[in-house]
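Work through the exercises below with the sequence and structure at hand. Each task is followed by a solution in steps.

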Amino acid sequence: MSVPALSEAMGQPIRGPRALSDSWSRFWHLTYNIARSEFKLKFFGSVLGYVWQVMRPLLLFGVLYVFFVKIFKVDKAEGAAGHFYGAQLLASIVLFTFFSEATSGAVRSVVDRENLVRKIQFPRLVIPISVVLLALFNLGLNVVVVMIFAVIAGVKPMLSWLELPLMILVLALLSTGIAMLLSALFVRFRDIQPIWEVFSQILFYSSPVIIPVEKVREALAYGQRHVVVKHGIRHLTFRHVALYHVLWHIYLLNPLVSVFQEFRHAMINHAAPSAGQALGGWLAVLEPLGLVAVVLVLGFWYFSRQAPHIAEDL
Amino acid sequence: MPTEWTGLNGPPAIAAEDVHKRFKIPEERTHTLKERALHPLRRTRHEEFYALRGISFAVQPGEFFGIVGRNGSGKSTLLKCLAGIYRVDQGQIWCNGRMSTFIELGVGFNPDLAAYENVALNGIMLGLSPREARARYERVIEFAELEEFQDLKLKNYSSGMHVRLAFSVAIQVDAEILLIDEVLAVGDAAFQQKCFDVFNRMREEGRTIVFVTHDMSAVTRFCHRAMLLERGEVVSIGDPTNIADRYLEIAFGRAAGYEDAGVGSARMGDGTARVTDVWLGDTPEERQTVAPQAEPLTLKVLVAFNADVLDPAVSMTLYNEQRQPVVVASTATTTEHTGSFRAGERALFAFSFHNMLAPGRYHPLLTITHRGEGLDVIDRFAGGLSFVVTGVTASGGMVEIPVETHVMPWELAPPPSEIEAAGRPR
């Protein structure tokens, strides 16, 4: 029966569930409509739906603003970084909120939609992607708030705002990669959820949300300078320099650094270094971009591998 | 190859070739990374369970094909494999045409959304485009008879309304091949009738339908052909009536036997005689456990006498599964003089009737009494036998008596306006 000619005569083979479907329009319709109905639920589910959606990043912003600006005076840094610190902080928080919603929301998504997975045939990838899309809808709302805030703070609307969708795209691709990976992993390993919670906390503090890139660089360079000033340049060993470079490099590898930094530069404050300037050359930006690509491919590969038996493993 | 398609009518709508499906049942499942990290070398042992072993069949375009089998026979797994929800481990499945699956009604319904949103979402999941789904909304609501409730959130629907809405969406999907799992058991009688009408309509429209069910009357009513599964294997494929009979035999016959049926209590009576054996059929050697419906049925009772008894009466009460007495018969109603028996003698009492019982399991209770009013019990015996009535007519009544129906004009009928007035509420 494995004669190919006969197989073709039998019609279209059924191969079981997969990550993607043959029909892209069905994939999109499903993703969009699931995200849309979830959004509607959030938006119209409670009287203050929209308010809550915007309040979360705003509240976090309020706390951090009081803490770092009013008490620690981070914005009084020398140079241009201090300008519009508030608007920059809010923008980064909003971007991080998107990242966090998309990734943390995706972790449980496949398991929580068990009912669909076990009862109906559809491309499995729809589930994590719809979570990212939902987060994207929320981001759309929040970016409007950021713009209003920025304009009130004195930022002039700029042509470079047109760059923003590109930044959001990079961030969305990163989030999608992570969402695919985590949602598939969670089916088999339930401790992915607490692990990711901790990890995203680390990411929050190691991204330029509160502490600008320049400050991090200063802090890292301080060790070097300290040695030179105190003991003379001859005492600056290779180890000191290497440590500085390795830490700085790891810091910059985080794609959130480039995205947040460039977002800052393009949207609020041209005086703040762009991602290229902060990383030391546009070629250096290829590294975090490469990491985004790796995460995306890895996530897709793992999800596709798991997709055929997710329904049985649940 | 049990597949009967010939290729003359073109390719089959669905064809399955040697389909195997295996489930792994882990003995101890590592559910966390921590466990994995602590025991990296431990292999997760699992038992393998074959849900399907070598299923082959073909469904012709336009055929209404039933899949029946007991719980755990693999029929739902097979349907999920056909639908592409499970991947088969071995073998192949082909389909020709747009397929839609109803494993469960209302998949993805969100209780916090109103009917419109849910219909659109569910329709898209079942394979419609958003435009198609929205265009069908009116028809869906109309069929579900929910016009007045369409603005309610789904969580405020009764379960019946919920099911009606879900079914209405499902039938609006114009797929060429429909895979249906047990959705007939929904709604009230009137809605069920509507569903049956829809199934008949689909049948006439020439859609291919694969239908998994326990309901043998539905199988014989709708299916052109049926397939019986048992332990993941095909028992037989063919005429739905035969398949339904085989199913009932397997479902009840295997468990039925000469075991303690549990009707009534322990034996009682003065013990001057004992029921020593009860069976269905002519001789004890050819005892049956299954009594086909609409055929003569004979129940035989062997009684051994321990003392001299004159004109004893033997009565039989057939209980159904709900412990309701369905048939009561006694030798005393036919004749008071059954004869005189001496100690050590044996006698055979037979109860014959035309089997008009509803399908199901029956337990006979046998009572031997002394001559008279039947109050002097010699032996009361309930543990002898339970048997199964197989048949395809299950009207829902306790018995299946052939009923003739007639329709004729009635001169004195009230004018139509009055009927209308009477039918209108208030």
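Two strands pair if DSSP finds at least two bridges between them; helices (H or I, at least four residues) and strands (E, at least two) are DSSP runs, numbered from the N terminus. This is a predicted model, in which local features need pLDDT of at least 70, side-chain atom pairs count only at pLDDT 80 or more, and totals for chains, interfaces and linings use all residues. Residues are numbered from 1 along each chain as its sequence is written, while chains are lettered from A and ligands numbered from 1 in the order in which they are written.

**Exercise 1.** Find the residue that stands opposite A:Gln12, and state the sense in which the strands pair.

Step 1. Opposite A:Gln12 is B:Cys95, in strand 4 of chain B.
Step 2. Strand 1 of chain A pairs with strand 4 (residues 90-95) of chain B in the antiparallel sense, over two bridges.

**Exercise 2.** Describe the side of chain A that touches chain B.

Step 1. Count residues in contact (C-beta atoms, placed from the backbone, within 7 Å): 30 residues of chain A meet 35 residues of chain B.
Step 2. Two or more residues each come from strand 1 (12-13), helix 2 (24-45), helix 6 (114-119) and helix 15 (310-313) of chain A.
Step 3. Helix 2 of chain A gives the largest share, six residues.

**Exercise 3.** Describe how the domains of chain B are placed.

Step 1. The bounds, from an automatic or database domain assignment, are 14-253 for domain 1 and 273-390 for domain 2 of chain B.
Step 2. Taken over C-alpha atoms, the centres of these domains are 45 Å apart.
Step 3. Domain 1 of chain B gives five residues to the contact, and domain 2 of chain B gives six residues.

Note on methods. Two residues are in contact if their C-beta atoms, placed from the backbone, lie within 7 Å.
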